[in-house]
Amino acid sequence: MASQIIEKQLNILDYSLSSLWRKKLKNLSVILVFTAVIFLVASFQMITRSLTSAAEDALVYAPEITIQKLSIGRQESIPLKYIDQLSAIFGIRQITPRIWGYYFDENNGANYTVMAMDTTVMPKSSMLSQTLREGNLPGLTENGKVAIGRSVLKAKNLGSRRSLSLFRPDLSLKSFKVSGIFNEETDIMTNDLMVMTMADARDLFAISSDLATDLLVYVSNPAEVATIARKISEAIPGTRVLTRQQIQKTYRMIFGWRSGFASVCLLTALAAFVILAWDKASGLSPEERREIGILKVIGWETTDILAIRFWEGLLISIFAFVIGCTLAYIHVAIFEAVLFRPILVGWSVIFPPFRLPPGIELGDLLLIFSFSVLPYLASTVIPAWRCAIVSADSAIK
Amino acid sequence: MLIELESVTKIYNQGRANEVKALDRVDLTIRENTMVCLKGASGSGKSTLLSIIGCVFPPTDGRAAIAGKQLSRMPDRFLTIHRRQTIGFIFQQFNILPNLTVLDNITLPLLPLGISPKERRLRAMPLMEKLAITHRENFLAGQISGGELQRVAIARALINNQPIILADEPTAHLDTRLSQQFMATMADLKAGGKTIVIASHDPLITDDSRIDQVIGVKDGRVNVP
């Protein structure tokens, strides 16, 4: 009995496959459009996910609070004397200065991000070494050493050389030995990065020893971040106090509005496809109606006829879904999301290129599946059901 | 009796403005192993009568028993199963799927029974030999002649070895030679124990001496001689 049921389903599947083959031109056109829509939506989802997760990953190392000094609404260097002023606030575990800025490389027309700070105080600082493809970050007192991103290595044309020179503001040269190179998984954050000691950064940018770009505040109890931030604002007026949560929110907003804008466009395309599919499937052709009528009269049950349509719809939509998602992965992983990159990562031409780590979650796939495969299945099965439940003779007349 | 209809009425679109009474209190009995012709003009109700005998739909009113089973109030699923086991259909335009091969068309009724492709072919081969279409086995149905199409339709009606064969205007699109060939095949089937009901107004059928009984159908009522 069980083997008979299996054989019956195999027969129906076989009939569905031959039915797809008989209408190959029509089905091929549906598969092409379906695949294109899935490819666009999945690509978009993957690149958005990559950017968001990369940004969130980076924040793991971020301090709970960042303090910047403002003057007429713009950021300027912050005096280190504030550290003493703030250390009286209860709940602050550590305050460390950071210098960061941009170094413009005229030869390559690229901006590099230069950063210097005591990395040992960062949360999960022991994991920082995992972000390096080779070597180490410069130690606190290892002046003359720098860790660089892959794009810097390439732009400076270092090859196997492990030294580079940068211009100070007075156009004198400062030499560095490359102590480490960041790996490609962290490209989005490190591709244009140079990490050096505080002393080297001061020397390179000609910053006096009592100033830094910003102050990083680490707290003992994360639940008290908001209170401590408020106390800092009150203690040092004229500063901008940013919590990690606020930075996280800003990242989400940046990617959110961009991905939201493009998602609306793509979901419109998806909706248009579903409507087209529905229109195509709901209007069964006279030949299809006649075929259903013949099958019914010669003894096929309504469920058998629905099974044919179900298999047809499932095979087409699953095929299109798998191919679409695979092409999307290739598009993001190999071709670096060439179609959507400008929309999601900005339009700058100065920043060196970086590699996107493709990211997709099961939830994203299920969402795309739900908005594509399921409506298509419904659009093929429901009209067949409407036709199959009428008496067989009316279908063949 | 193999087919028993008692006061059978069929109303299409009942209760609507376009209500049509196609059959009106029809009484009819057909014995096993006979060849009967339902004769009537177009719109007389003979196709509706054939559909009820063929378990395509139950009557609106009255009692219909086909091969020992009551059709009245039988759910669609059971009608289908009973039809599959009992009735072989030959349609006016044969209703063969042109994009399927001859073999696939003939074995189409066996697919939902869970019969393997090998077994299906084994069942079809004797029928194709008997009807002289073996050489067309792998041809698409759209590529064969009208006479061969007719024989494919007959083979499909016989593939499940059903006891009753129903044919609706089977010679409407055939020339005289093919019509005579059709009647000869039906006579052979009757000789093999089948019960055959043909709805037609073609004199080649209605006047054929091999027909056991001609039943007139007019305005939804039957005239059994």
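Among contacts in chain A between residues at least 6 apart in sequence, what percentage join residues at least 24 apart? The answer is 80%, where contact means heavy atoms within 4.5 Å. This is a predicted model, in which local features need pLDDT of at least 70 and side-chain atom pairs count only at pLDDT 80 or more, while totals for chains, interfaces and linings use all residues. Residues are numbered from 1 along each chain as its sequence is written, chains are lettered from A and ligands numbered from 1 in the order in which they are written, and side-chain values use heavy atoms, with hydrogens and water left out.

**Chain A as a whole**

- Chain A has 13 helices and 13 strands; these are DSSP runs numbered from the N terminus, with helices being H or I of at least four residues and strands being E of at least two.
- Of its 397 residues, 48% count as buried. Buried means under 20% relative accessible area, exposed means over 50%, and partly exposed lies in between (1.4 Å probe, protein chains only).
- The accessible surface of chain A is about 19,600 Å², and carbon and sulfur atoms account for 63% of that. Such areas come from the Shrake-Rupley method with a 1.4 Å probe, and for residues only the protein chains shown count as cover.

**Strand pairing in chain A**

- Strand S4 (residues 92-105) of chain A runs antiparallel to strand S12 (residues 214-219) of chain A, and six bridges join them. Two strands pair if DSSP finds at least two bridges between them.
- Within this pairing, Val217(A) of S12(A) is the residue opposite Ile95(A).
- S4(A) is also joined by eight bridges to strand S5 (residues 110-117) of chain A, again in the antiparallel sense. Here Tyr102(A) has Thr113(A) in S5(A) as its bridge partner.
- A hairpin is formed by S4(A) and S5(A), with four residues between them, and Gly109(A) in the turn has a positive phi of about 65 degrees.

**Local spots in chain A**

- Helix H6 (residues 198-205) of chain A has Met198(A), Asp200(A), Ala201(A), Arg202(A) and Leu204(A) buried. Just after H6(A) comes Ala206(A), with a positive phi of about 55 degrees.
- Ile236(A) sits in the loop between helix H7 (225-235) and strand S13 (239-243) of chain A. Its relative accessibility is 3%, so Ile236(A) counts as buried.
- Setting aside residues up to four places away in sequence, Ile236(A) touches Tyr82(A), Gln85(A) and Leu86(A). The C-alpha atoms of Ile236(A) and Lys69(A) are 9.1 Å apart, although 167 residues separate the two along the chain.
- Ile72(A) belongs to the loop between strand S1 (65-71) and strand S2 (74-76) of chain A. Ile72(A) has a relative accessible area of 84%, so it is exposed.
- The phi of Ile72(A) is near 40 degrees, a positive value in a residue other than glycine. For context, most residues other than glycine have a negative phi.

**A nonpolar patch on chain A**

- Phe319(A), Ile323(A), Leu327(A), Ile330(A), Ile334(A), Phe335(A), Val338(A) and Leu339(A) make a nonpolar surface patch of about 740 Å².
- Patches are made of residues with over 30% relative accessible area and no salt bridge; like charges are joined within 9 Å, and nonpolar side chains (Val, Leu, Ile, Met, Phe, Trp, Tyr) within 5 Å. A salt bridge is a side-chain nitrogen of Lys or Arg within 4 Å of a carboxyl oxygen of Asp or Glu.
- Phe319(A) is part of helix H10 (residues 302-333) of chain A. With 45% relative accessibility, Phe319(A) counts as partly exposed.

**The sheet of chain B**

- Chain B has an open sheet of four strands in the order S2-S1-S4-S5, with antiparallel pairing. Strand S2 (20-30) and strand S5 (69-70) of chain B stand at the edges with a single partner strand each, so one side of each has no neighbour in the sheet.
- Strand S4 (residues 61-66) of chain B pairs with S5(B) over two bridges, and Ala65(B) has Gln70(B) in S5(B) as its bridge partner.
- Helix H1 (residues 46-53) of chain B lies across strand S1 (3-12), S2 and S4 of chain B, at about 120 degrees to S1(B). Axes are lines fitted to C-alpha atoms, for helices over the stretch in contact, and angles run from 0 to 180 degrees between N-to-C directions.

- Lys10(B) is in strand S1 of chain B and counts as buried at 12% relative accessibility. Leaving aside neighbours within four places in sequence, its contacts include Val20(B), Leu23(B), Thr48(B), Ile52(B) and Phe57(B).
- Arg25(B) is in strand S2 of chain B, with a positive phi near 45 degrees. Arg25(B) is partly exposed, at a relative accessible area of 46%.
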